[in-house]
Amino acid sequence: MLSVQNVHKKMGKATVLTNVSFDVIPGEIFGFLGPNGAGKTTTIRIITGLMPATHGTVTVDGYDVANNRQEALSRIGAIVENPAFYPYMTGRENLIHAMNLIPNLKKVDLNALGALVGLDGKLDMKVKQYSLGMKQRLGIARALLHNPKVLILDEPTNGLDPAGIADLRNYLRHLADHRGIAILISSHLLSEMELITDRFAIIDQGQIKSVEDGQTKADSVILCKVAKEQMNEALDVAALAFDDVKIVQQSAESFIVPRQETDIPVLLKQLIERDIAVYQIGMKHESLEEQFLKLTKKEGGTNNAFITQQ
Amino acid sequence: MRSLLSNEWMKWRRTIKPYVALGVYTAIILIVYAVLASGEGTPEAESFFEFSTMGAIAFLSIFTIVFTAEMVGNELKFDTLKHLLMSPYSRDRILLSKLVMAVLVMLLQFIFILVVAFGFSLTLDGSVTWDVVRPILISVSGPIFIIFLTLMFSVVFKSVGVVIGFTVLANFASSIIGGLLVAWKPELAKWIVFLHTDLSIYDVNPEFMKAMDATMGFSIFYVALHIIAFYLITAFMFRSKTFAE
């Protein structure tokens with residue numbers, strides 16, 4: 001539905017984006033993940049026609065954003081950076097303004113749209129009286145106004161409280177599943193991305209480092225905690241039981257075995273037979289965040305600029 | 001295009017400034033009325049109409065600079081320009097809608113001034129004749145020129161304040177300098193476009209233009225040339241700028 005192919009962007013002498021390519025299919029929530037300044041917003045600006053690419057193409061439903069602007073942009077709804085409104089006008093007036101920006105748009109039931117994003121009864125308030133969460137909702141209402149096929153949300157959870165984030169997550173899932181919208185979300189909030197996306201691309205320093213499937217995203221390992229003085233013995237047992245993998249001692253009393261969950265009973269049985277006191281055993285999932293740091297660190301990435309929020 | 005115009009109209013109408021402007025025009029007209037009425041005898045309708053509209057139109061020029069500067073400047077201030085530029089409509093159309101609305105808004109205020117002044121003049125002796133109305137109608141060329149100039153500055157500079165400052169400076173300072181230059185080197189002054197923008201000068205003070213060897217035809221041509229050049233520059237900048245930090 002949304003296809004970004006080999007997009008390069010130079011600004012002055014600096015290369016901001018190098019060979020960025022990805023596709024978002026209908027009904028999918030695609031994450032676009034990277035530290036601040038990695039090129040997320042630049043990519044989104046190119047997709048939404050705010051900025052031309054130096055080369056490469058962006059197509060929406062087969063229409064090229066550069067050459068067939070009207071067709072392509074009519075199919076995109078977007079929040080780029082912060083949701084911006086005319087503060088002295090009401091939410092309803094801001095939506096009317098947005099409607100007028102779309103050629104040949106049929107009449108939209110603004111009350112229904114307001115109710116859909118949880119702003120029922122609040123559309124006639126001036127936007128300057130809105131909270132940030134309400135502005136985000138109004139921004140989504142504006143982005144959805146013309147039934148776009150592609151929805152682009154740049155940092156959509158900024159300024160939302162946990163309840164608001166959960167609402168947004170459910171709502172986006174609903175849009176993807178029931179209306180078949182292709183959704184692109186950018187964020188630096190990794191924990192959030194893990195919960196919300198089907199697939200995600202990791203971008204750093206203007207390059208896509210990897211595109212991964214959300215289902216298999218986490219590498220899982222067995223984490224086992226034993227008595228300190230029995231550590232060496234425990235390591236021997238584990239090495240004997242699983243001679244094909246490398247066992248890593250993580251601390252004085254815990255070690256990691258890179259095996260499946262089904263191997264836990266095997267390991268546990270062996271440890272108990274040798275009278276080793278086991279305090280804890282279970283699966284540890286490598287979080288997206290750890291993966292992300294690994295990926296960007298390897299390349300001497302910009303981890304300092306990277307903000308994590310749990 | 002009509003929907004873009006209605007957007008610009010809504011954004012202008014919903015601020016307080018239009019009402020302030022209309023209030024100021026009414027106040028000026030009332031002040032002129034009060035001053036004339038306080039003199040001896042009943043004042044003439046003609047001179048009241050002339051003075052009051054001239055005073056109000058001076059303010060119209062200033063408000064026109066403010067309104068036009070804000071048409072682009074406020075979009076930058078509220079960060080809403082990105083939504084306009086993301087619209088499937090082309091940038092050329094977006095810019096044109098702002099220009100057209102700036103002119104319409106100015107004309108509405110201009111008509112408001114004429115109607116209010118005419119209304120008060122009915123209470124006075126005599127009547128307003130075409131000879132008085134004609135130069136005032138022609139003087140609308142001044143604010144039209146100002147719109148094009150302001151629009152050009154507003155795509156160049158980010159801050160509304162700077163745009164207003166530059167336009168006011170360009171407009172009034174060069175009129176003053178030009179005015180001095182006329183007495184001294186009229187052949188040079190002829191090429192200062194600001195001396196030509198108010199075409200009513202050919203009715204009000206024809207000697208001034210004669211000194212520069214300028215004709216109405218030349219003035220119209222020269223002002224039009226500038227307006228077109230300003231708009232081409234504006235459109236080019238508006239098309240090519242990314243308006244991103």
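Three cavities of 30 Å³ or more are present in the structure, which is a predicted model. The largest cavity has a volume of about 210 Å³. Its lining consists of 16 residues, and those nearest the centre are A:Ile76, A:Ile102, A:His146, B:His83 and B:Met86. At least two lining residues each come from β6 (76-79) and α5 (132-144) of chain A and from α4 (81-86) of chain B. β6(A) supplies the largest share of this lining, three residues. By class, the lining of the largest cavity has ten nonpolar residues, five polar and one charged.

The second largest cavity has a volume of about 170 Å³. It is lined by 13 residues, with A:Tyr88, B:Lys11, B:Glu70, B:Met71 and B:Asn74 nearest its centre. Within chain B, α1 (2-13) and α3 each give at least two residues to the lining of the second largest cavity. α3(B) gives the most, with five residues.

The space in the largest pocket is about 740 Å³. Of the 26 residues that line the pocket, B:Ile57, B:Ser61, B:Ser139, B:Asp198 and B:Ser200 lie nearest the centre. The elements of chain B that give two or more residues to this lining are α3 (45-77), α6 (130-138), α7 (141-156), α8 (160-184) and α10 (201-204). The lining of the largest pocket divides into 14 nonpolar, nine polar and three charged residues.

Chain A holds an open sheet of four strands. Its order is β12-β13-β11-β14, and the pairing is antiparallel. β12 (248-249) and β14 (278-285) of chain A are the edge strands, each pairing on one side only. Inside the sheet, β11 (residues 220-226) and β13 (residues 254-257) of chain A form an antiparallel pair over four bridges. In this pair A:Ile222 stands opposite A:Val257 of β13(A).

Two helices of chain A pack on this sheet. Helix α8 (residues 231-241) of chain A touches β11, β12 and β13 of chain A, and its direction makes about 10° with that of β13(A). Helix α9 (residues 264-273) of chain A touches β11, β13 and β14 of chain A; the direction of α9(A) makes about 160° with that of β14(A).

Terms used:
Residues numbered from 1 in each chain as written. Chains lettered and ligands numbered in written order. Predicted model: local features only at pLDDT ≥ 70, side-chain atom pairs only at ≥ 80, totals over all residues. Heavy atoms only, no water. 1 Å grid on protein atoms, 1.4 Å probe; cavity = no way out; pocket = protein on both sides within 12 Å on 5 of 7 lines; lining within 4 Å. Points joined across faces, edges and corners; volume = space filled by probe spheres on them. Nonpolar A, V, L, I, M, F, W, Y, C, P; charged D, E, K, R; others polar. Pairing = 2+ DSSP bridges. Contact = heavy atoms within 4.5 Å. Axes fitted to C-alpha atoms, helices over the stretch in contact; angles between N-to-C directions.
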